[in-house]
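Here are my notes on this entry, in numbered points. Please read them with the structure open.

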Amino acid sequence: MITVSGLEFGYGDRTVLDGIDLTVGHGELVALVGVNGCGKSTLLRLIAGLLTPRRGTVRLDGTDLASLSRREVARRLAVLHQALAPVPGLTVRQLVRQGRYPHRGPLGMLGEPDDGVAEEAMELTGVAHMAGRVLDTLSGGERQRVRLALAVAQRSPILLLDEPTAHLDVRHQLEVLALVRRLRDSRDLTVLAVLHELDHAARFADRIVALAGGRVAADGPPREVVTEELLATVFGVRGRVVHDERNDAPHCFLDHPLDAAHGPAVAGPAVHGPAVSP
Amino acid sequence: MRRLVWILAVALPATVLAHLLAPGIGDLGTLLGPAGTLEHRIMWELGVPRLLAALLTGAALGVSGLVLQLTLRNPLAAPELTGVNPGAVLGILAGLTFGLFPADSAGGALAAALAGSALGGSATWLLTSRDPGRAIVYGLLGSALLAGLVTLLLAYQPSRFGNALRWLVGSVQGRVWEHLGFTWWWITGWILLIWAGSAVLGVLAPGDDHAAGLGLRPGAARAAALTAATALAAGAASLAGAVAFVGLVVPHAARWLAGADPRRTVPVAALTGAAAIAGADAVAQFADRLMAGAEVTQRLGVPTGVVTALAGAAVLVTVARRAAHVPG
C-alpha cells in the first residue's frame, strides 16, 4: 500500500506539486492522468524515492520511505522507467537479470534461484524467446515488454509505471496494459501507472487520479471521474463522454481545445480522435 | 564465445612470445636454460620485467577505459580524453622537474601520477556533473590545458626534455624489477576489486534512475568507479607514461569479444589490453633492432606509445568506416 500525504515538491521557484494526498490500496491498479508537465512523473519519482520532497511523506505499507535504504526501497517497489541509456551489446536476459540486484548476496553474486526468477519474468511478459537478443535490435513494443520483465523480476509488491504505453502502436498498448492487469491479478500487485491516454486509464484502472495545478483534481472510479467537466478543467478540452454499453467504461470524444483562439478543429461532426494526444 | 577463446588463447601467448623474442637476444631456450650466460641475464633482468610492465600497463589501461566508458556512458571516455592520463603525466613531470622524488623511484612516480590524475580527472568530472552530455568536450579541454602545463614545465627546464619524452609518448623501455614491486600489487589489486564490483558497473550503465530503482546509490557508485579508474590509469602512467589509444580502443574490443556483461568484459579488457601493449612493445623492440646500426646508446629507442598511436589510429579509422555503413 502507498500512502502519500501533504507532498510538496518544486524545482527552484517553480512549485510542481503543492500538497498531494493519495492512497493506493493493496492490490489496486490506479492510473495517474493529467496534462504534460502537471507533475505525474514527478509524483511517481517521489514515491520511488528518486526525488526528495520539500514537505510531506510517502509511506510504503506504513513505513516512511525516508527511513528506508535504497536497497530496501528496491525490494518493496519496482519502477518501469520511460527509457534506458543504450548499452552496446546488452542482451534481454542480462538486463532482466539485473532485476535481481536488490536481492543479491553479500558478494553481489546472483544464485540459481535468481536465474529462475528472471526466466519466469521473461515467460510471463512474453519475451523469453528473445532472451539472447541484443536490446538495441528490438522494436519499441518488445523493449517495453522487456522493461516490464525487468520490473517483474524484481518481485516487489508495488509496481510504478511511467507511461508504459508511450511510443507504442494501439495493439501493443493494449497488450502491455492487459499484461499489467494480468500481473496485478496473478501476483496481487499494487500498481500505480502514469497513463496519457484517458481511455486506457478508464478501461484498465480501478481508479483514476487526475492531477492539475500541483494538486489532485479528481480521484475515484473511472465512471465517476471521467466527465465532460474533467476534460475541461484538467485537460483544457471540450469533449463528450459516452459509456461503453458492455462494461459501462467511459469513453471520450475530444472535440476541440478550450483555448478560444483555436476554435473547433473541424466544423460539423466531432473529430473522433485519441483521448489526449501527448 | 569462440572468437573470445581464439583471441585470448592465441593472441595473448603470441604477443608474449613475440615480446620475448623481438630484441633478438636469445630464444626460449636461453630464457629457461642454465643461468650464468649474459643472454640469460639480459632476458631475465631487462626482457621479462619490460614484458611484465607492458602487460600490467595494458591491463590497467584497458580496465580503466572500460570503467570510464560504462560509468560516464560515453564511448569516447578514455583515460587520455578525460584529463586522467594527461594529469598523471603532468604529475610525474612536475615531480621530476622540482625534484620531489628521485628519477628512479617507482613509488614516487606512482604517487605523483596519482595526484596528477586525481586533479585532471576530478576537474573534468566537476564540470561534467553539471552538463553530462559534454563529458568529452570538457575532458578534451582539460587534457589540452594539462598538456599546456606540461609544455610550460619543459620550457622551464629544457635540458630535461630527453628524459621527459619517454613519459610524454609512453614507453616501457628500461622498466626493471625495481619498478614493478608495488605497482604490480597496485594494478592487479584494483583490477580484482573492479571485477568483484562488476555487478555494480552493469547496473549503473543503463542509467542513474535505473540503478537507483534497483537499490544502488548511483552517485556513490560512480564516485567509487571513477576512483578505481583513476587509480588504474595512474598506475599505468607511472610505469609507462602516456601510452595512447589503448584505453580508448581496448574496451570496445573487449565488448566486441565478450558482450555487455562486466563480469566478463572486465577480465577480457584486462587481457586484451595486456596483449595490445605487449604486442605494440614487441613491434617497438623489433623496430629498434632493425635500426640498431646507429649508435643505440645515443637513442631513446622506439617508444611503445608510438606504435599504439599508429595502430590505434588505424583501428579507429577502420571501425569508424565500418560503423558508417551500418544503417541507423
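1. Start with strands 7 and 8 of chain A. In this predicted model, the two strands pair in the parallel sense over five bridges. Within that pairing, A:D162 stands opposite A:V194 in strand 8 of chain A.

2. Strand 7 of chain A also pairs with strand 6 of chain A. Four bridges join these two strands, and they run parallel. Here A:L80 stands opposite A:L161 in strand 7 of chain A.

3. These strands belong to an open sheet of six strands in chain A. The order is 6-7-8-3-9-10, and the pairing is mixed. Strand 6 and strand 10 (215–220) of chain A are the edge strands, each pairing on one side only. On average, neighbouring strands of this sheet are turned by 15° against each other, direction ignored.

4. Is strand 6 of chain A covered on one face or on both? Both faces are covered. A:L77 and A:V79 are buried on one side, and A:A78 and A:L80 are buried on the other. In a regular strand, side chains alternate between the two faces of the sheet.

5. Helix 6 of chain A lies across strand 3, strand 7 and strand 8 of chain A, and runs at about 160° to strand 8 of chain A. Helix 1 (residues 40–47) of chain A packs on the sheet too, touching strand 3 (29–33), strand 7, strand 8 and strand 9 (207–212) of chain A. The direction of helix 1 of chain A makes about 145° with that of strand 8 of chain A.

6. Now the geometry of helix 6 (residues 170–187) of chain A. At 1.5 Å a residue, its 18 residues should span 26 Å; the end C-alpha atoms are 25 Å apart, which agrees. Just after this helix, A:D188 takes a positive phi of about 60°.

7. Which residues of helix 6 of chain A are buried? They are A:Q173, A:V176, A:L177, A:V180 and A:L183. Seen down the axis of helix 6 of chain A, the buried residues fall within an arc of 120°, so they line one face of the helix. Their packing partners are helix 4 (112–124), helix 5 (140–153), strand 7 (158–162), strand 8 (190–194) and helix 7 (198–204) of chain A. The other side of helix 6 of chain A has exposed residues, among them A:V170, A:R171, A:A178 and A:R182. A:D185 and A:S186 are exposed there as well.

8. A separate set of pairings is antiparallel. Strand 1 (residues 2–11) of chain A is joined to strand 4 (residues 55–60) of chain A by five bridges. A:V4 stands opposite A:V58 in strand 4 of chain A. Two bridges join strand 4 of chain A to strand 5 (residues 63–64) of chain A, again antiparallel. A:R59 stands opposite A:D64 in strand 5 of chain A. Strands 4 and 5 of chain A form a hairpin with two residues between them. In the turn, A:D61 has a positive phi of about 50°.

9. Last, the contact between the chains. It takes 22 residues from chain A and 20 residues from chain B. Helix 2 (70–76) and strand 6 (77–80) of chain A each supply at least two residues of the chain A side. The largest share, four residues, comes from helix 2 of chain A. By type, the chain A side divides into 13 nonpolar, six polar and three charged residues.

How values were computed. Residues numbered from 1 in each chain as written. Chains lettered and ligands numbered in written order. Predicted model: local features only at pLDDT ≥ 70, side-chain atom pairs only at ≥ 80, totals over all residues. Expected span 1.5 Å × (residues − 1). Buried ≥ 20, exposed ≤ 12 C-beta atoms within 10 Å, placed from the backbone. Arc of directions from axis to C-beta. Contact = placed C-beta atoms within 7 Å. Nonpolar A, V, L, I, M, F, W, Y, C, P; charged D, E, K, R; others polar. Pairing = 2+ DSSP bridges. Axes fitted to C-alpha atoms, helices over the stretch in contact; angles between N-to-C directions.
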